[in-house]
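Here is a short tour of one protein model. Keep the sequence and the 3D view at hand while reading.

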Amino acid sequence: MQTVAKVFVISGPSGSGKSTLLKRLFNDFPGTFGFSVSHTTRKPRPMEKNGVDYHFVTRDLMAIEIERGNFIESATFSGNTYGTSIKAIKDVVETGKVCILDIDMQGVEAVKKTDLNPKYIFIQPPNYDALEQRLRGRGTEHEEAVLARLMASKAAMAHAQIPSVYDRIIINDDLESAYKDLQTTIFEQQKVDPFTTP
Ligand SMILES: Nc1ncnc2c1ncn2[C@@H]1O[C@H](COP(=O)(O)OP(=O)(O)OP(=O)(O)O)[C@@H](O)[C@H]1O
């Protein structure tokens, strides 16, 4: 099935269901989609392969590349910098796969300054309470992190309401409907010709 773009940006508050929906999409259409390989300044762990798990680079190289504007996002956690380069996204497309970028609103704005020309999709929770319930229900964050995510969700939701930021806003209330909506947004729809269709 043909997709409407070669790159899709998927954004939305933490807990809105991006990973859940994307996992399903990757499973249902094996070999169609790919994530870009991130860069990191941390040392590889045993079994990790350069260019597969991460592009392992030095701090100096990473700093230069970020300075040159070759990254759409980067962040430092416990002394190590991680980031997504524009080239890593193009590499996915060159292998014939459709690149899916799961990024925050700063990343979205950075992508808009590139020549990647993606479609922008926002995954929106049905409401704030449901988001809170899902974040707590997932049980992967401690209280402080849950509160920080809920706080950040307000800015992401406001940003998504600005016209022309996103091509499509998908409300993830019922998972089945949201997943159907995602597929309709991503895949080219067959046009029915009323003159040839019986
Ligand atoms: N439609 C839905 N109805 C109920 N629960 C859902 C729905 N979609 C996702 N969830 C649940 O909500 C939680 C958060 O979903 P998920 O981890 O996919 O969010 P996310 O947007 O990827 O978050 P993060 O940005 O933090 O990775 C998970 O426990 C998931 O099972």
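α1 (18–28), α5 (128–138) and α7 each supply at least two residues of the shell around the ligand. Helices here are DSSP runs of H or I with at least four residues, strands are runs of E with at least two, and both are numbered from the N terminus. The model is predicted: local features need pLDDT of at least 70 and side-chain atom pairs count only at pLDDT 80 or more, while totals for chains, interfaces and linings use all residues. Residue numbers start from 1 along each chain as its sequence is written.

**The ligand shell.** In total, 14 residues surround the ligand. S14, G17, S19, T20 and R134 are the closest. A residue is near a molecule if its C-beta atom, placed from the backbone, lies within 6 Å of it. The shell has two nonpolar, nine polar and three charged residues. Ala, Val, Leu, Ile, Met, Phe, Trp, Tyr, Cys and Pro count as nonpolar, Asp, Glu, Lys and Arg as charged, and the others, Gly among them, as polar.

**The sheet.** Five strands make an open sheet, ordered β2-β7-β1-β8-β9, with parallel pairing. β2 (33–34) and β9 (168–171) stand at the edges with a single partner strand each, so one side of each has no neighbour in the sheet. Two strands pair if DSSP finds at least two bridges between them.

| Strand pair | Bridges | Direction |
|---|---|---|
| β1 and β7 | four bridges | parallel |
| β1 and β8 | four bridges | parallel |
| β8 and β9 | four bridges | parallel |

Some residues face each other across these pairs. F8 stands opposite I100 in β7. V9 stands opposite Y120 in β8. I121 stands opposite R168 in β9.

Five of the five residues of β1 are buried. Buried means 20 or more other C-beta atoms within 10 Å of the residue's own, exposed means 12 or fewer, and partly exposed lies in between, with C-beta atoms placed from the backbone. V7, V9 and S11 point one way, and F8 and I10 the other. In a regular strand the side chains alternate between the two faces of the sheet.

The largest nonpolar core holds 27 residues. Such a core is a set of buried Ala, Val, Leu, Ile, Met, Phe, Trp, Tyr and Cys residues joined through C-beta atoms within 7 Å. F8, V9, I10, C99, L101 and I121 touch the most other members. Among the elements giving two or more residues are β1 (7–11), β7 (98–102), β8 (119–124) and α7 (175–186). Domain 1 and domain 2 each contribute at least three residues to this core.

**Two domains.** Domain 1 covers 1–32 + 97–189, and domain 2 covers 36–95. These bounds come from an automatic or database domain assignment. Their C-alpha centres lie 22 Å apart. 12 residues of domain 1 are in contact with eight residues of domain 2. Contact means C-beta atoms, placed from the backbone, within 7 Å. β7 and α4 each give two or more residues to the domain 1 side. α4 gives the most, with four residues. That side divides into seven nonpolar, three polar and two charged residues.

**A loop residue.** Where is D167 found? D167 sits in the loop between α6 (143–160) and β9. D167 is partly exposed because 15 other C-beta atoms lie within 10 Å. Leaving out residues up to four places away in sequence, D167 touches K119, Y120 and I121.

Conventions. Contact = placed C-beta atoms within 7 Å.
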